[in-house]
Amino acid sequence: MHRKRLLSRVFVLFCFLIKLIYCLIDSCFLVQMTRGHLWKSWDIFVQGNGYRYYALSVAKRMFSHVLYEGVQTNKLKKKKTHVLLVFQSTYDRCPLELVRCIKHILYTEQRLVREATNSNSPVGGMMDSMSQKYQQINQAFEELRLLTQDTENDLRKLQHNQEYFIIQYQESMRIQAQLASLATLPPADRQLREPALLSKKNTVEAWLTREANTLQKYRLDLAEKHQKTLQLLRKQQTIILDDELIQWKRRQQLAGNGGPPEGGQTQDILLSHSNCHSSIHSTFIIEKQPPQVLKTQTKFAATVRLLVGGKLNVHMNPPQVKATIISEQQAKALLKNENTRNDSSGEILNNNCVMEYHQTTGTLSAHFRNMSLKRIKRSDRRGAESVTEEKFTILFESQFSVGSNELVFQVKTLSLPVVVIVHGSQDNNATATVLWDNAFAEPGRVPFLVPDKVLWPQLCEVINMKYKAEVQSNRGLSEENLVFLAQKAFSSSSNNPDDYRSMTMTWSQFNRESLPGRNFTFWQWFDGVMELTKKHLKPHWNDGAILGFVNKQQAQDMLMSKPNGTFLLRFSDSEIGGITIAWVAENPNKAGERMVWNLMPYTTKDFTIRSLADRISDLNHLLFLYPDRPKDEVFSKYYTPPLSKAVDGYVKPQIKQVVPEFATANPDPASGNPTYMDQGASPAPVSHPHAYGIYPAMADSMLDADGDFDLDDTMDVARHVEELLRRPVDSQWSGQQS
C-alpha cells in the first residue's frame with residue numbers, strides 16, 4: 001500500500017513537471033524569447049561557455065518569472081513551489097538540458113501545427129513527410145548524443161581507475177626497491193622486516209593482476225561502444241550527406257520549374273550535424289543558384305555557403321570563393337578528378353568574393369551580387385543540337401585551413417546546369433532545355449545526362465507545375481486541358497485521357513520539331529500561352545472566364561447549342577501567344593442560319609493598347625460568356641473607368657474596338673443620342689500583327705561594352721539564323737487564321 005502511494009506521488013510530481021515545462025513555454029516571457037533568432041540558433045550539441053552562460057541566465061529569469069506569477073495569482077501551492085525550486089536547482093547545474101527540452105517541445109508543437117494546416121494539401125503532405133524524416137534524423141542524433149555521453153562517462157571512469165592502478169603499480173615498485181635494499185642490512189634486521197614486505201608485495205601484485213584484467217575488460221567495452229557510435233554516425237552521415245543532400249539539390253531543381261521553394265530545414269540539419277572530416281567537402285553548397293538561363297552582358301547573383309564554417313572558426317581567416325563557367329565535358333572531367341588545366345568556357349566579371357560571417361545565424365557565406373558573363377566559348381554542336389541546348393555550369397571553389405594551417409581543405413561545388421543566350425529571342429528555347437533537365441534529371445547523374453523521351457503523364461505534371469508557377473495561380477491545367485495539349489502534341493483526335501497514359505514524348509517533339517502545319521514547336525506555343533496569361537490574362541484565368549485550351553471545332557460544337565451572343569475565349573492554334581473570341585450569331589448572308597465567328601487573335605501588343613475586358617465591353621454583340629453568364633457580371637470589375645470631362649477645352653480621344661459587320665447602336669445615357677462604335681476614333685477592326693516573318697527581331701546590340709564588334713555574339717546570331725533556315729517553310733504562309 002505504501003509502495004502504491006509512493007508511486008502515485010511520483011507520478012503526480014512527474015505530471016506537474018511536464019505541466020511546468022509547458023507553463024514555461026506558454027509564458028509571455030518565453031514566447032518573446034522563442035521569437036528571437038538567438039533562441040533558434042542555439043546549438044544544443046555544443047557545450048560552449050557562451051551558450052552555457054546565456055542558457056543559465058535565461059533559465060534563472062524564467063523561473064523567477066513563473067514564481068512571481070504563481071505568488072501573485074496564488075496558483076502554486078507550497079509543495080509544488082518546493083518541487084519548482086528543486087527543478088530550478090537541477091537545471092542550474094545543466095541549463096543546456098533545459099534548452100534541449102524546450103527546443104524539442106517547440107519543434108514538436110510546430111510540426112503538429114504544420115500537420116494540421118497542411119493535411120489536405122499535396123505539398124503539405126510532402127512537407128509533413130519531410131518533417132517526419134527530419135525528426136527521425138534528430139532523434140538518431142539524440143541517441144548518438146546519449147551514447148557519446150555514456151561513453152564519455154565510461155572513459156572518465158576508466159581514466160580514474162588507470163590513475164589508481166598507476167599509483168598501486170608505483171607502490172609495488174617501491175616495495176620491490178625496499179626488498180632489494182634489505183640485502184645491505186644485517187641478517188637479523190632483514191629477517192625482521194622481510195616477511196611484512198613480502199606479504200604486502202603479494203597483496204599488491206594480486207590486486208594489480210585483478211585490476212589489469214578489469215581495465216582490459218573496460219577497454220574492450222569502451223572500444224565496442226566507440227564502434228557502435230561510429231556505425232551509427234556513419235549511418236547518419238550517409239542519410240544526410242548522400243541521401244538528404246542529393247534530395248535537397250533535387251528540390252532546388254524542381255523549384256526552378258515552379259515547385260515548392262526549398263526551405264532551410266535541410267541546411268539546418270547539415271549545419272547541426274556535419275562535423276566529421278569526410279563531410280566537410282559536402283557542406284560547401286550553393287544556397288542561391290545562379291539563373292539557369294544566363295544572358296551575356298547581364299548582371300546575375302548567387303550565394304554559396306560553408307555549413308561548418310562557423311563551427312570550425314573558418315571566419316577568423318575568411319576564405320575567398322572564385323566562380324568560373326565550365327562546359328558539360330569539363331564538368332564530367334572534374335567529377336572524375338581529371339586534370340582540366342583550370343580551363344573555363346567563358347569570362348565572368350566580378351567572380352571573386354570573400355566569405356562573410358553572420359553572427360546571429362552562425363553562417364559563413366559568400367554573396368556574389370554583381371557577376372556578369374562577358375563572353376562564352378561554345379563547343380562543337382552534336383547533330384541537330386542548337387545553341388540553346390548546350391549546357392554549362394558555374395564552378396565555385398575555395399580553400400581554407402583549420403587550426404594553425406594544420407589542415408587545408410579545397411572545396412568545390414557545381415551549380416545546376418545553365419544555358420547561355422545572347423539575345424532575348426533565344427529565351428523560350430533555353431527555358432525548354434532547363435525545364436526538361438530540371439524535371440527529368442536523375443539524382444547523382446553524370447553531367448548533364450537526361451532521358452531523350454518521357455511518358456506523357458510525367459510531362460503533364462511538369463508543365464502543370466510550370467504553368468501554375470508562371471501564372472501565379474492555384475488554377476492549374478484540368479484533365480480536359482491536358483487532353484487538348486496531347487491532341488496538339490501527338491496530332492491526335494482522341495478525347496479519351498487513357499489513350500495518352502502510355503504514350504511517350506521525345507525531346508525533339510517537345511522543342512525541336514515544328515508542329516504539323518506550323519512554324520513553331522509544341523513548347524514555343526505553350527510558352528507563348530503562359531507569357532500572355534501571366535502578363536495580361538491572369539485575373540480572367542483565375543476567375544474561370546478563359547476556357548483557353550479549346551480548338552476551333554470544339555468551340556463551334558459548344559457554341560451552336562447556345563443562344564446568339566454567347567461567346568468563349570480560347571487560345572489561338574496558329575499564333576504564338578494569341579487568344580481569340582469565338583461567338584455564335586446569325587449568318588448575315590443567309591437568313592435563319594446561325595454560325596460561329598472567330599476574331600483574329602489578340603496578342604500582347606494588342607493588350608498593351610486596350611485590355612481584354614475593355615475590348616469585350618466594346619463589342620455589343622457579345623452578350624453571354626459560355627455557358628450562360630452575362631458578360632458584365634464577369635468582366636465589369638475590370639472595365640476602365642470612363643474618362644473625365646474636358647480640361648482647358650480639350651477632350652481626350654478614346655480608342656474603341658469595332659467589328660464592322662456587327663456594329664450596332666450603342667445608346668449613350670449621358671447625351672440621350674445614339675452613337676456608333678465605328679464612328680469613334682478607332683484603329684483597324686482588329687489590331688493584329690501578322691506572323692508572316694520567320695526571323696525574330698534581333699534587337700540586342702552586336703557591340704560589347706567598349707563599343708567593339710563582338711565576334712562570339714555574332715557567331716551565336718549566325719547559329720541562330722542557321723537553325724531558323726533549317727526549319728520547314730512550306731507551310732509558314734498557311735494557317736494564319738485561327
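## A hairpin to start with

In the hairpin of β7 and β8, G362 takes a positive phi near 70 degrees, and four residues sit between the two strands. Strands here, like helices, are DSSP runs numbered from the N terminus (E, at least two residues, for strands; H or I, at least four, for helices). Before going further: this is a predicted model, where local features need pLDDT of at least 70 and side-chain atom pairs count only at pLDDT 80 or more, while totals for chains, interfaces and linings use all residues. Residues are numbered from 1 along each chain as its sequence is written, and side-chain values use heavy atoms, with hydrogens and water left out.

## What pairs with β8

Strand β7 (residues 356–358) runs antiparallel to β8, and three bridges join them; two strands count as paired if DSSP finds at least two bridges between them. Within this pairing, H358 stands opposite T363 in β8.

β8 (residues 363–376) also pairs with strand β3 (residues 299–306), in the antiparallel sense and over seven bridges. Here you'll find F300 opposite M371. Then there's strand β5 (residues 346–349), antiparallel to β8 over four bridges, with R375 of β8 as the bridge partner of E347. As a general point, side chains in a regular strand alternate between the two faces of the sheet.

## Rings and charges

Searching the whole structure turns up 25 aromatic pairs, meaning Phe, Tyr or Trp rings (the six-membered one for Trp) with centres within 6.5 Å; planes under 30 degrees apart are stacked, over 60 edge-to-face, and the rest tilted. One of them is W436 with F510, a tilted pair at 5.4 Å centre to centre and 45 degrees between the planes. Since W436 lies in helix α11 (residues 427–440) and F510 in helix α14 (residues 507–511), the pair ties together parts that are 74 residues apart in sequence. Both W436 and F510 are buried (under 20% relative accessible area, with a 1.4 Å probe and protein chains only; exposed is over 50%, partly exposed in between).

Charges sit over rings too (NZ of Lys or CZ of Arg within 6 Å of the ring centre and within 35 degrees of the ring normal). R475 lies over the face of W541, 3.6 Å from the ring centre. The charged end of K488 sits over the ring of W525, at 4.5 Å from its centre.

## Two helices crossing

Helix α12 (residues 456–471) and helix α13 (residues 479–490) have axes that come within 11 Å and cross at roughly 120 degrees. The axes are lines fitted to C-alpha atoms over the stretch in contact, with angles running from 0 to 180 degrees between N-to-C directions.
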